[in-house]
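This report looks at the sheet, the helix packing and the pockets of one protein model. Please view the structure alongside the text.

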Amino acid sequence: MLNHTMIVSFDQPIPDAELDQYLKDIEHLLLGSGRVETFAARRHIRVPADDHSPVFVASAIIQLGVADVDALNAVFTVPGTEDLIQHWQSRHPYQVVWTNHEALS
């Protein structure tokens, strides 16, 4: 099993209901693809040190679990992904960094 962990940062504060919908939309699309075995998403917990982040402050973290590298590569081509990204980028611009890794524990 491989994990694909994404750290999402919206450029401006996003209402809680909108962030919840964004995360639900991603979960629905990716779990429905048949390529993703596990999905977890959580909100970032803000602390004062976030004001000094050298890159950006996260809004949420998303972790996908996939069987192998082939399944991970397929995740990037799931039909509807580009539409979902464009939809949310037009409403609430954001940045994402990610890492692909084996289980941490």
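The sections below take the sheet, the helices and the pockets in turn.

The model is a predicted one. Its open sheet has four strands, which pair in the antiparallel sense and follow the order β2-β3-β1-β4. The edge positions belong to β2 (38-43) and β4; each has a single partner strand, so one side of each lacks a neighbour in the sheet. On average, neighbouring strands are turned by 15° against each other, direction ignored.

Eight bridges join β1 and β4, an antiparallel pair. Within this pairing, Val8 has Val96 in β4 as its bridge partner. Helix α1 packs on the sheet and touches β1, β2, β3 (60-66) and β4. The direction of α1 makes about 170° with that of β2.

## Helix packing

Two packed helices are described by the angle between their axes and the distance between the axes. For α1 and α3 the angle is about 175°, and the axes lie 11 Å apart. Because angles over 145 degrees count as roughly antiparallel, α1 and α3 are roughly antiparallel to each other.

On the α1 side, the contact is made by Glu18, Gln21, Tyr22, Asp25, Ile26 and Leu29. These residues meet Thr81, Leu84, Trp88 and Arg91 of α3. By class, the residues of this contact are five nonpolar, two polar and three charged.

## Largest pocket

Rolling a probe the size of a water molecule over the atoms shows where empty space is left. The largest pocket has a volume of about 360 Å³. Its lining consists of 16 residues, and Met6, Phe76, Thr81, Ile85 and Trp98 lie nearest the centre. One of these, Thr81, also takes part in the contact of α3 with α1.

At least two lining residues come from each of β1 (2-10), α1 (16-31), α3 (81-91) and β4 (94-101). The lining divides into 13 nonpolar residues, two polar and one charged.

## Second largest pocket

The second largest pocket holds about 240 Å³ of space. It is lined by 14 residues, with Gln12, Pro13, Ile14, Ala58 and Ser59 closest to its centre.

In the second largest pocket, six lining residues are nonpolar, four are polar and four are charged.

Methods:
Residues are numbered from 1 along each chain as its sequence is written. This is a predicted model: local features need pLDDT of at least 70, side-chain atom pairs count only at pLDDT 80 or more; totals for chains, interfaces and linings use all residues. Side-chain values use heavy atoms; hydrogens and water are left out. On a 1 Å grid over the protein atoms alone, a cavity is a set of points where a 1.4 Å probe fits but cannot get out, and a pocket is an open set with protein on both sides within 12 Å along at least five of seven lines; lining residues have an atom within 4 Å of a point. Grid points are joined across faces, edges and corners, and a volume is the space filled by probe spheres set on the points. Ala, Val, Leu, Ile, Met, Phe, Trp, Tyr, Cys and Pro count as nonpolar, Asp, Glu, Lys and Arg as charged, and the others, Gly among them, as polar. Axes are lines fitted to C-alpha atoms, for helices over the stretch in contact, and angles run from 0 to 180 degrees between N-to-C directions. Angles under 35 degrees count as roughly parallel, over 145 as roughly antiparallel, 65 to 115 as roughly perpendicular and the rest as oblique. Contact means heavy atoms within 4.5 Å. Two strands pair if DSSP finds at least two bridges between them.
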